[in-house]
Amino acid sequence: MMNRWHVLKRLLPLLAGMVLLLSACGRADLSTLRPQGPVAEEQFGLMKLTVAIMVLVVIVVFAIAVYVIVRFRRRPGDKTIPVQVEGNHKLEIIWTVIPIILLIILGVPTVKTVFGLAEDHTKDPNAVQVKVTAHQYWWEFEYPNLGVKTAQELLIPNDAIISIEAKTADVLHSFWIPSLAGKTDTNPGGNVNIMYFEAPKTGVYLGKCAELCGPSHSLMDFKVKVVDRASFDRWVAAMKSPVALPADKEVADVLNSQCLSCHAIGANGGQLYPNLTGIGGRQAVAGILVNTDDAKYENEGTVEENLKRWITDPQKVKPGTLMPKVDLTQPQIDAISKYLAGLKLDYEK
Ligand code: CUA
């Protein structure tokens with residue numbers, strides 16, 4: 001008895017730790033266990049059904065096992081051989097039929113959901129079409145029907161189906177918004193995978209890359225910002241409006257030669273790298289440096305601080321990134337960061 005108590009005492013901190021760990025799984029912007037839209041809810045429903053059946057099986061099997069161990073244990077002096085049940089038809093039928101029934105209960109809704117979520121909305125005129133391209137280590141979002149391209153922050157309206165066509169520009173990644181939708185792989189070799197989801201509640205959700213893709217895989221975060229239809233329309237219009245370059249000619253020249261050779265701001269610059277239009281109003285810089293005015297954690301700062309940090313040494317923030325360390329003086333870095341931080345799109349009213 002003493003021994004068992006010692007074992008229990010050692011297990012208690014472990015149990016407490018697990019409770020704490022699991023309670024952190026409840027973030028509505030991040031957790032599969034707190035679905036925020038119909039697709040995520042359907043997936044969560046399947047999880048609940050599966051876990052319920054497994055828990056039921058475990059309880060019943062353990063209860064029977066404990067009962068048998070206690071009830072039929074060998075008593076002192078008992079030398080008889082118990083009844084042998086090997087080849088007992090009744091028992092064999094029972095333990096074959098019950099699992100089959102359980103598998104049918106599990107299988108029918110699973111197959112139904114899997115095919116339901118594979119529905120193709122890429123031709124649906126009412127859906128918002130988004131072409132997602134994964135890059136090491138950032139996300140490109142193109143709205144082909146709206147003529148808009150952005151990066152790192154997927155802006156969507158809360159009143160439509162979002163239809164995703166996902167591909168990769170380099171290696172295997174996986175596009176995942178835990179609390180809104182499942183994940184879909186972006187496979188090399190030109191193949192395009194589709195998925196769809198809906199996000200009825202406005203807010204900001206966290207997206208992740210869910211496939212090991214290199215040293216900065218775990219830093220390949222993105223945001224999904226859900227807004228009402230009017231804000232979304234204003235955002236689309238703002239994305240297409242002309243953006244003023246820095247008034248200071250020297251800063252404008254540096255921006256043109258060092259940044260816009262790759263990046264686009266409004267109609268200026270290249271299209272192959274993350275589009276910077278409205279970057280000052282996004283939730284994060286480089287997808288991972290969270291913009292906030294009262295930073296508490298290492299990866300937080302004001303948008304201007306984060307931009308400085310990123311431009312000063314991209315490799316330090318995201319090892320393996322293709323963003324080069326540009327040869328700029330400190331005043332140039334400051335001026336560029338200040339200009340970029342001021343690039344906000346006025347669409348939320
Ligand atoms: Cu991209 Cu992991």
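**A sheet, a helix and its salt bridges**

Author: Strand β5 (residues 162-168) and β8 run antiparallel and are joined by five bridges. This is a predicted model. Across that pairing, Glu 165 stands opposite Ile 194 in β8. The two strands belong to an open sheet of five, in the order β3-β2-β1-β5-β8, and the pairing is mixed. β3 (148-151) and β8 (193-197) are the edge strands; each has a single partner, so one side of each lacks a neighbour in the sheet. On average, neighbouring strands here are turned by 25° against each other, direction ignored. In general, strands of a sheet pair through backbone hydrogen bonds, parallel or antiparallel.

Now the helix α5, residues 249-259. Its buried residues are Val 251, Ala 252, Val 254, Leu 255 and Cys 259. Seen down the axis of α5, they fall within an arc of 160°, so they line one face of the helix. What covers them? The cover includes β11 (264-265) and α8 (330-341). The face of α5 turned away from the buried side carries Lys 249 and Glu 250, both exposed.

Lys 249 is exposed, at 58% relative accessible area. Asp 253 is partly exposed, at 38%.

Lys 308 pairs with Asp 334, the closest N and O atoms being 3.8 Å apart. Lys 308 lies in α6 (residues 303-312) and Asp 334 in α8, so this pair ties together parts that are 26 residues apart in sequence. Both ends are partly exposed: Lys 308 has 27% relative accessibility, and Asp 334 has a relative accessible area of 28%.

How many salt bridges does the structure hold? It holds eight. Another joins the side chains of Asp 29 and Arg 27, at 3.0 Å from N to O. Asp 29 is partly exposed, with a relative accessible area of 23%. Arg 27 counts as partly exposed too, at 44%.

Terms used:
Residues are numbered from 1 along each chain as its sequence is written. This is a predicted model: local features need pLDDT of at least 70, side-chain atom pairs count only at pLDDT 80 or more; totals for chains, interfaces and linings use all residues. Side-chain values use heavy atoms; hydrogens and water are left out. Buried means under 20% relative accessible area, exposed over 50%, partly exposed in between (1.4 Å probe, protein chains only). Helices (H or I, at least four residues) and strands (E, at least two) are DSSP runs, numbered from the N terminus. The arc is that of the directions from the helix axis to the C-beta atoms. Contact means heavy atoms within 4.5 Å. Two strands pair if DSSP finds at least two bridges between them. Axes are lines fitted to C-alpha atoms, for helices over the stretch in contact, and angles run from 0 to 180 degrees between N-to-C directions. A salt bridge is a side-chain nitrogen of Lys or Arg within 4 Å of a carboxyl oxygen of Asp or Glu.
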